[in-house]
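Good morning, colleagues. Please have the sequence and the model in view.

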Amino acid sequence: LVSYLPRVYQLRTMNRTKPIEITLCSGTFEQYITSRREDGTPFDCAFKVTKQFDPTGDLNKHKIIDLDLDSIANKKLENGFYQLSINVPPENEEGKGPGSFIRYLAITDTALTLKLDDANKLLVWATDMKTGEVAPNLSLQILAGGKKLKGTTDKDGLATFDIPVVANERTVSVSAFGNSHAGVATMDWNDGIGAWNYNLQQ
């Protein structure tokens, strides 16, 4: 989620009458990246708040619920990483229902462009999402091949790293923080934009 735009997650429901419980909590970069894995680190929830929303709407018609994260938190959320838990209770005595869902969210204002060459050298370029200007002096953290690396962007918003040989594109993730700015990117975020996804030949 871009920090200077409304931080809203939309939930679509239909034929639900019981309150839906929404829990929002904060986590770290490493927790955000690894939480999807079975062996990942769960969110520590240093900040946590729970609210309920009414899903009642017209029969057999979808209802869109705007989950304004700042409103849920009762404050403007800082740039960072968050876990949104959605608990939809069953509508009948049999206990059948959608159940619980978890979404992992990042609030950022800095775009990170990553390039990894055949020699396992990683280039990181940080730019401001709103102005397009380069973002210097940001502290970078890299997770790659089970290793943790740190660095800082230079005056041009650039930084380079030698990535462990065991790393590959799907294991390189980067976060950037500093001067109230934040950014995150991982090398597998290019999934879904290949030529074959559009029936095009490379």
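Let me begin with accessibility: a residue is called buried when its relative accessible area is under 20%, exposed when that area is over 50%, and partly exposed in between, with a 1.4 Å probe and protein chains only. By that definition Arg7 is buried, with a relative accessible area of 3%.

A word on the basis of these values. The model is a predicted one, in which local features need pLDDT of at least 70 and side-chain atom pairs count only at pLDDT 80 or more, while totals for chains, interfaces and linings use all residues. Residues are numbered from 1 along each chain as its sequence is written, and side-chain values use heavy atoms, with hydrogens and water left out.

Now to the salt bridges, each being a side-chain nitrogen of Lys or Arg within 4 Å of a carboxyl oxygen of Asp or Glu. The whole structure contains 5 of them. In one, Arg7 meets Asp70, at 3.3 Å from N to O. Asp70 belongs to helix H2 (residues 69-73), whereas Arg7 is in the segment before strand S1 (8-13), and the two are 63 residues apart. Helices (H or I, at least four residues) and strands (E, at least two) are here DSSP runs, numbered from the N terminus.

A second salt bridge joins Lys148 and Glu30, whose closest N and O atoms are 2.9 Å apart. Lys148 is in strand S10 (residues 147-152) and Glu30 in helix H1 (residues 29-34), so this pair ties together parts 118 residues apart in sequence. Lys148 is exposed, at 54%, and Glu30 is partly exposed, at 27%.

What are the accessibilities in the salt bridge between Asp162 and Lys121? Asp162 is exposed at 55% relative accessibility; Lys121 is partly exposed at 36%. Their N to O distance is 2.7 Å.

Four strands form an open, antiparallel sheet in the order S3-S2-S5-S6, where two strands pair if DSSP finds at least two bridges between them. Strand S3 (48-53) and strand S6 (99-107) stand at the edges with a single partner strand each, so one side of each has no neighbour in the sheet. Strand S2 (residues 20-27) pairs with S3 over 6 bridges in the antiparallel sense. Within that pairing, Ile20 has Phe53 of S3 as its bridge partner.
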